[in-house]
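Subject: Structure handover

Hello,

Here is the structure for you to look over. My notes follow below it.

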Amino acid sequence: MQMNHPLWPVVRESARRNLSAVAGVTGKDLDDLSKNALEVAGQTRFTAIEVVKLQTELSKLGLSAKEVQAATSSISFAAQALGEDVGTTAQQVGKLIRQFNLLAEDSDEISDILVTTINNSALSLNSFSTAIQYIGPIASDLGLSLQQTA
């Protein structure tokens with residue numbers, strides 16, 4: 001939906017309210033996430049509403065508002081590089097953060113590993129996600145890093 005569409009403000013506010021409910025944030029934290037979404041939307045091919053959906057997906061995975069804000073930009077760039085949906089990419093990066101006990105601040109490196117692994121192979125994001133869900137826990141238990149595993 002284009003920003004000049006008459007329903008755009010309604011859709012944007014609905015996405016913000018959903019993010020607020022899922023992330024459990026209001027006031028300044030919600031405003032900071034919204035500002036972050038607008039900044040990232042201006043740097044990528046994604047709309048602010050799509051970026052808010054990315055933030056919502058990360059929040060569903062238990063990331064704090066600050067962690068979500070730290071990861072939003074790199075995940076958007078990774079989704080753009082992969083030609084994937086931001087929500088799906090956010091889910092995968094969030095799962096990798098939790099699976100390998102990483103920090104959201106490491107999302108730049110995680111996104112780089114994800115993009116490099118997929119682009120240097122015959123994998124899609126979907127097939128990578130399927131493979132890592134089986135291999136990841138074993139590799140993590142053995143002390144292998146995401147980079148070693150991917």
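Predicted model: local features only at pLDDT ≥ 70, side-chain atom pairs only at ≥ 80, totals over all residues.

The axes of α4 and α5 cross at roughly 125 degrees and come within 9 Å. Axes here are lines fitted to C-alpha atoms, for helices over the stretch in contact, and angles run from 0 to 180 degrees between N-to-C directions. Helices are DSSP runs (H or I, at least four residues), numbered from the N terminus. α4 and α5 are therefore oblique to each other. On the scale used, angles under 35 degrees are roughly parallel, over 145 roughly antiparallel, 65 to 115 roughly perpendicular, and the rest oblique.

From α4, the contact uses Glu67, Ile75, Ser76, Ala78 and Ala79; from α5, Val86, Thr89, Ala90, Val93 and Arg98. Contact means heavy atoms within 4.5 Å. By type, these residues are six nonpolar, two polar and two charged. Ala, Val, Leu, Ile, Met, Phe, Trp, Tyr, Cys and Pro count as nonpolar, Asp, Glu, Lys and Arg as charged, and the others, Gly among them, as polar.

Next, α2 and α4. Their axes lie 10 Å apart, at an angle of about 10 degrees. That makes α2 roughly parallel to α4. α2 contributes Asp32, Leu33, Asn36, Val40 and Gln43, and α4 contributes Ala65, Val68, Gln69, Thr72, Ser73, Ser76 and Phe77.

Now the core. The largest nonpolar core has 40 residues. Such a core is a set of buried Ala, Val, Leu, Ile, Met, Phe, Trp, Tyr and Cys residues joined through side-chain atoms within 4.5 Å. Buried means under 20% relative accessible area, exposed over 50%, and partly exposed in between (1.4 Å probe, protein chains only). Leu58, Ile75, Leu96 and Leu114 have the most contacts inside this core. α4 gives the largest share, seven residues. Leaving aside neighbours within four places in sequence, Leu58 touches Leu63, Val68, Ala71, Ile75, Ala90 and Gly94, all by the contact criterion.

Asn101 is not a glycine, yet has a positive phi of about 50 degrees. Most residues other than glycine have a negative phi. Asn101 sits in the loop between α5 and α6. Asn101 is exposed, at 66% relative accessible area.

Two notes on method. Residues are numbered from 1 along each chain as its sequence is written, and side-chain values use heavy atoms, with hydrogens and water left out. Local features need pLDDT of at least 70, side-chain atom pairs count only at pLDDT 80 or more, and totals for chains, interfaces and linings use all residues.

Best wishes

Key:
Helix = DSSP H or I, 4+ residues; strand = E, 2+ residues; numbered from the N terminus.
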